[in-house]
Amino acid sequence: MSRVEVISAQVPIECENVRSEPTLVRSQEDFFGSTAEISVNGFPSTSPSIPLSVNDLHNTCEDVHIPHMPPLLRGHAELHLRNGVMRASRLSAMHEPDAEKAFFVADLSYVYKQHERWKRCLPAIEPFYAVKCNPDPYVLRVLAALGTGFDCASNNEISRVLDLGIVDPSRIIFANPCKALSFIRNAAKAGVEMMTFDNVDELHKIARSHPRAKLVVRILTDDSKSLCALGTKFGAPLVTVPGLLSTARRLNLSVIGISFHVGSGCFDTSAFADAVAHARTAFDMGKEAGYDFTLLDVGGGFEDATFEASARILSEAIEHYFPNRESIRIIAEPGRFYVSNAFHLAGNIIARRAPLDEGKREAPVPSDEDSKTPRVMYYINDGVYGSFNCILFDHQIVHPHVLSMGGSFHVPSTEPLRPCSVWGPTCDSIDCVCPLTQLPTSLSVGDWLVFENMGAYTVCAASQFNGFEVSNVIYTSGGGAGSLEVRRILSDFSTASGGSDFEIGGGAG
Ligand SMILES: *Cc1c(COP(=O)(O)O)cnc(C)c1O
């Protein structure tokens, strides 16, 4: 749902000022006339109901400097969206090239809070974060410090996780059922033992290059209700499982359990129950083949909006089909669930195409036809070849809010909304961000739009087609719950030197 909203004014205060009178910074309004940037060390005043002790304040001001990483800021994402817009306007005034470049703001406290939510709803299931969803260096560090495992699909993802310096290879599952031979050999060298398979040829490759691997059969389940069905490419139909297991036995391979994936973006919560029933059958097939399975991997597919319902159905199914599970370790491979809401993307309106009759009085009651015809086409500086590749590959539908309009963050609530379309910057007509969304028609070139829920399958798959760079990421530990915890766990990396160079998206500009 798109809406124009007046973003509630944040009241950032600088750390140094905390103990004295909090300094209200209101200069973010009408920022084009202002040179003062809100301190990036500022964090919005907490509500009076959450008093901060002096100790908390001390912790809050402790800084996190991780070598080769962009800075970790403080404060709500909205604050940094506004700071980014103000920075862009200053750079633009100085005629910097690409001054108004689109940018992400990542609030890492959200990742922390999702992990709390996971532990609350699925305490008996160990999450192995699916790295492909967003291999962001900060996200990986937060999750590594929180103790999750990792689902990797390539050499590169395995190195990224091991290079963090605090993840043992036993915390990685190589969950790609179809791996290059050299990747299997590399996994063996790196000490990664758990890996999935779903076909006989894979077993022969593994027998040659990683005979001590701990194998997990990826079974096929019903994924027809998911945004991204994966079953057309992966998963062994149940009827093929006995054959796979007898081949594995003949090759003297160790098979330790069963995995499935209900499909990415699974809104049909019953899919999990169905998949667990299939896994039960596969466990019994294992017994028949002489294996004693000890691992159940329930895969990914968890959606933010339906998480509690999925968790409940999954837990009930496990209780029902695996009543005696003392010797069974249960893991999952959530991706989207952890990062989707943690990233916001701000895009700048670089061009606009208005109807010829713009300026004439609009009809007071738009007809049904009018409500489906975009009145203004807005062109922004990130599109489907960049961060919005999620529209093509991940079947997402996105809607913007107005971030700034006419040099102000305050969009009058009287501003009427009309059907509009939003387009990316490349010269390809497929580069459409929203074919139809509700926006004011009076936005102009230079105004900013913001898109939420941009953390999953976005920045990691962005290309530089047509010469448009991948958008930068600005990081914050957030401004509310979880912020202190994120800074505390990340400060472990401040001293530890392990860590690969920052690769995605470049610095924070
Ligand atoms: C993509 C993928 C995931 C993550 O899926 P989400 O829908 O993001 O939770 C997990 N496991 C495997 C094998 C995957 O390919």
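How many disulfides does the structure hold? The structure holds 0 disulfides, a disulfide being a pair of cysteine sulfur atoms within 2.5 Å. This is a predicted model, in which local features need pLDDT of at least 70 and side-chain atom pairs count only at pLDDT 80 or more, while totals for chains, interfaces and linings use all residues. Residues are numbered from 1 along each chain as its sequence is written, and side-chain values use heavy atoms, with hydrogens and water left out.

The table gives relative accessibility, where buried means under 20% relative accessible area, exposed over 50% and partly exposed in between (1.4 Å probe, protein chains only).

| Residue | Relative accessibility | Class |
|---|---|---|
| Cysteine 121 | 22% | partly exposed |
| Cysteine 178 | 38% | partly exposed |
| Phenylalanine 302 | 1% | buried |

Phenylalanine 302 lies in the loop that joins strand S13 (295-297) to helix H10 (307-321); helices (H or I, at least four residues) and strands (E, at least two) are DSSP runs, numbered from the N terminus. Beyond its neighbours within four places in sequence, phenylalanine 302 has contacts (heavy atoms within 4.5 Å) that include Trp118, Phe272, Leu314 and Phe337. Serine 264, 38 residues away in sequence, has its C-alpha 7.5 Å from that of phenylalanine 302.

Elsewhere, the axes of helices H7 (residues 200-209) and H8 (residues 241-250) come within 10 Å and cross at roughly 15°, the axes being lines fitted to C-alpha atoms over the stretch in contact, with angles running from 0 to 180 degrees between N-to-C directions. H7 is therefore roughly parallel to H8, a term for angles under 35 degrees. Val200, Leu203 and His204 of H7 meet Leu244, Thr247 and Ala248 of H8 in this contact.

Notes
Angles under 35 degrees count as roughly parallel, over 145 as roughly antiparallel, 65 to 115 as roughly perpendicular and the rest as oblique.
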